[in-house]
Amino acid sequence: MPTEPHAPIRGRALLALRACAAHPQGLRHEAYPTYMPMLAEMGLVQERHVRGLGRSQPAWFLTAAGRALIAELGANEARD
């Protein structure tokens, strides 16, 4: 976990985090390729493998910190 503070989550990064929250069985790994690695570095999402059609596929999942941030910011855009 990096020790330096990060800028607030907003814009497409916030959309990516909300998309991950909307898919509790895992957001496909190809979604938001620019933002998901950054969110993973911040400790808000993690990459795990899920069983797909005959094989294991990587997917993005919220961490406890990501769920807490979504609870604070709201799960939809209507609250922005």
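Trainee: What makes the pair formed by the side chain of Arg18 and the backbone oxygen of Gly74 a polar contact?
Mentor: This is a predicted model. In it, a polar atom of the Arg18 side chain lies 3.1 Å from the backbone oxygen of Gly74. The cut-off is 3.5 Å, so the pair counts as a polar contact.

Trainee: And where is Arg18, and why is Arg18 called buried?
Mentor: Arg18 is found in helix α1. Its relative accessibility is 7%, and buried means under 20%, so Arg18 counts as buried.

Trainee: How do you know that Arg48 sits over the ring of Phe61?
Mentor: Arg48 lies over the face of Phe61, at 3.9 Å from the ring centre. The distance limit is 6 Å, so that value qualifies. As for aromatic pairs, the structure holds zero.

Trainee: What makes β2 and β3 a pair of strands?
Mentor: Seven bridges join β2 with β3 (residues 56–62), in the antiparallel sense. At least two bridges are needed, so they pair. Val50, for one, stands opposite Gln57 in β3.

Trainee: Why are β1 and β2 called edge strands?
Mentor: The open sheet has three strands in the order β1-β3-β2, with antiparallel pairing. β1 (27–28) and β2 (45–51) each pair on one side only, and that puts them at the edges.

Trainee: Which strands does helix α1 touch?
Mentor: Helix α1 (residues 12–22) packs on the sheet and touches β1, β2 and β3. Its direction makes about 110 degrees with that of β3.

Definitions and conventions: Residues are numbered from 1 along each chain as its sequence is written. This is a predicted model: local features need pLDDT of at least 70, side-chain atom pairs count only at pLDDT 80 or more; totals for chains, interfaces and linings use all residues. Side-chain values use heavy atoms; hydrogens and water are left out. Rings of Phe, Tyr and Trp (its six-membered ring) pair if their centres lie within 6.5 Å; planes under 30 degrees apart count as stacked, over 60 as edge-to-face and the rest as tilted. A charge sits over a ring if NZ of Lys or CZ of Arg is within 6 Å of the ring centre and within 35 degrees of the ring normal. Helices (H or I, at least four residues) and strands (E, at least two) are DSSP runs, numbered from the N terminus. Contact means heavy atoms within 4.5 Å. Axes are lines fitted to C-alpha atoms, for helices over the stretch in contact, and angles run from 0 to 180 degrees between N-to-C directions. Buried means under 20% relative accessible area, exposed over 50%, partly exposed in between (1.4 Å probe, protein chains only). A polar contact is a pair of N or O atoms within 3.5 Å; within protein, one must be able to donate a hydrogen and the other to accept it, and residues adjacent in sequence count only if both atoms are side-chain atoms.
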